[in-house]
Amino acid sequence: MALKSFVLTIAILAIVSSISHASDPSPLQDFCVAVNDSMAAVFVNGKICKDPKVVNADDFFKSGLNIPGNTSNQVGSAVTAVNVGNLPGLNTLGISLVRIDYAPYGLNPPHTHPRATEVLAVLEGTLYVGFVLSNPGPNMKNKLFTKILKPGDVFVFPIGLIHFQFNVGKTKAVAFAGLSSQNPGVITIANTVFGSDPQINDDVLAKAFQVDKKVIDYLQSQFWWDNNN
């Protein structure tokens with residue numbers, strides 16, 4: 001009986017350890033350029049890989065990040081992403097990049113990246129940034145960490161936590177961010193909760209937010225802008 005308990009404990013620890021270290025897998029070869037044509041593929045490592053014999057420099061190249069995103073929208077920001085979807089050479093490398101443009105008083109709304117930590121560097125303007133901790137213990141509140149960033153400043157948003165950036169200046173702002181996944185994903189909180197398709201039952205949201213259903217119905221009737229390009 002003691003031996004069975006010991007073996008079970010070791011098995012549980014092994015599973016927990018593997019989960020706690022989960023991230024984009026390390027590549028098993030020099031590169032694996034993603035390709036949609038399964039007939040042209042010879043290796044599989046995360047995604048179907050392009051035949052190395054026909055890989056070229058363009059598979060690892062993307063231009064255009066010098067071009068500002070269009071911030072003429074409801075939130076006043078634009079996120080231009082470079083990930084495995086538009087730079088196939090990133091496949092299996094566990095990294096991606098975004099450029100974020102902000103109009104004066106523009107906002108990159110509260111959101112999370114379910115698969116990545118983000119490191120943000122400000123190039124231009126002044127940003128008020130922050131993130132909120134996950135659900136704490138009893139009788140504790142979700143702690144907010146904030147900072148005012150100026151050009152040259154860097155801030156880290158831990159993986160999976162809700163975070164935001166707000167341009168507090170009267171001029172435009174620009175930031176670049178690196179993310180620890182080739183496909184970090186993004187969940188914009190308001191868009192997800194109030195703009196899902198089909199909609200979440202308003203009874204559920206009214207009870208969750210502790211407001212009248214008319215408030216929820218109004219919010220669900222709005223157009224929720226996606227600032228991710």
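**Overall fold and the annotated binding-site residues**

The chain contains four helices and 12 strands (DSSP runs of H or I over at least four residues for helices and of E over at least two for strands, numbered from the N terminus). The model is predicted, so local features need pLDDT of at least 70 and side-chain atom pairs count only at pLDDT 80 or more, while totals for chains, interfaces and linings use all residues. Residues are numbered from 1 along each chain as its sequence is written, and side-chain values use heavy atoms, with hydrogens and water left out.

Of the 229 residues, 34% are buried (under 20% relative accessible area, 1.4 Å probe, protein chains only). Among contacts (heavy atoms within 4.5 Å) between residues at least 6 apart in sequence, 69% join residues at least 24 apart.

An unreviewed UniProt entry annotates Asn108, His113 and Glu118 as "binding site"; such annotations may be inferred rather than shown by experiment, and positions follow the numbering used here, with feature names shortened.

Asn108 belongs to strand 5 (residues 107–112). With a relative accessible area of 5%, Asn108 is buried. Residues up to four places away in sequence aside, its contacts include Ser77, Tyr102, Phe164 and Asn227.

Glu118 is part of strand 6 (residues 118–124) and is likewise buried, at a relative accessible area of 2%. The side chains of Glu118 and His113 are joined by a polar contact of 3.0 Å (a pair of N or O atoms within 3.5 Å; within protein, one must be able to donate a hydrogen and the other to accept it, and residues adjacent in sequence count only if both atoms are side-chain atoms). Beyond four places in sequence, Glu118 also touches other residues, including His111, His163 and Gln165.

Note on methods. Buried means under 20% relative accessible area, exposed over 50%, partly exposed in between (1.4 Å probe, protein chains only).
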